[in-house]
Amino acid sequence: MREEIQPAGVVVPSRPYVPVVTNGELVFVSGQVPVDAQGQLVDTALDGQVRAVFANLEACLVAAGCGFEDVMRVGVYLTSRGSFARMNELYAEAFGATKPARTTVVCELMDERFLVEMDLIAVRPSAG
């Protein structure tokens, strides 16, 4: 059964989408950007932005009953090819031994202040 989730601590979108949609064990997390629950940019530097995106992703996963270890695929969107190496280091810290499938794209983002955005797909662990 389809369920839409608005996690605590994650900004309520002003556009027509929700942060998390689940259907059974599948969890789809919309693109998360480096903003706090009030929609304010958390940092102008890459490290702070990547960490904020991971905090938002984690809040989404927890609200859906899972964690980074349950992630199957990640989409990473960077505004600069030069950010890739550092983002990759922070990504490895966040995921630890978990290695989901991933696509990384260099592109423009909806807000020119954003340096990074990420979305993901996870599978909730079965109860019992």
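Guide: The chain has two helices and six strands. The model is a predicted one. From the N terminus on, the order of elements is β-β-β-α-β-α-β-β.

Visitor: What makes S1 and S2 a pair, and in which sense do they run?

Guide: Two strands pair if DSSP finds at least two bridges between them. S1 and S2 have four bridges, in the antiparallel sense, so the pair meets that rule. In one of these positions, arginine 2 has asparagine 23 in S2 as its bridge partner.

Visitor: How do you know that S2 also pairs with S3?

Guide: Four bridges link S2 and S3, again in the antiparallel sense, and the rule asks for at least two. Valine 20 stands opposite valine 29 in S3. The hairpin of S2 and S3 has two residues between the strands, and glycine 24 there takes a positive phi near 65 degrees.

Visitor: What joins strand S4 to strand S6?

Guide: Strand S4 (residues 71-78) and strand S6 (residues 116-123) run antiparallel and are joined by seven bridges. With at least two required, they therefore count as paired. Valine 76 stands opposite methionine 118 in S6, and valine 74 has leucine 120 in S6 as its bridge partner.

Visitor: In which sense do S4 and S5 pair, parallel or antiparallel?

Guide: S4 and S5 pair in the parallel sense, over six bridges. Leucine 78 has valine 106 in S5 as its bridge partner.

Visitor: How do you know that the radius of gyration agrees with a compact globule?

Guide: For 128 residues, a compact globule would have a radius of gyration near 14 Å; the chain has 14 Å, so the two agree. Along the principal axes, the C-alpha atoms fill a box of roughly 45 × 35 × 20 Å.

Visitor: How much space lies in the largest pocket, and which residues are closest to its centre?

Guide: The largest pocket holds about 540 Å³ of space. It is lined by 22 residues, of which Arg15, Tyr17, Val33, Met110 and Phe114 are the closest to its centre. Strand S3 (residues 26-32) gives the most to this lining, with three residues.

Visitor: What makes up the lining of the largest pocket by class?

Guide: The lining has 11 nonpolar, six polar and five charged residues. Tyr17, Val33, Met110 and Phe114 are among the residues closest to the centre; Tyr, Val, Met and Phe count as nonpolar, and Arg as charged.

How values were computed
Residues are numbered from 1 along each chain as its sequence is written. This is a predicted model: local features need pLDDT of at least 70, side-chain atom pairs count only at pLDDT 80 or more; totals for chains, interfaces and linings use all residues. Side-chain values use heavy atoms; hydrogens and water are left out. On a 1 Å grid over the protein atoms alone, a cavity is a set of points where a 1.4 Å probe fits but cannot get out, and a pocket is an open set with protein on both sides within 12 Å along at least five of seven lines; lining residues have an atom within 4 Å of a point. Grid points are joined across faces, edges and corners, and a volume is the space filled by probe spheres set on the points. The radius of gyration is taken over C-alpha atoms; the globule rule is 2.2 Å times the number of residues to the power 0.38.
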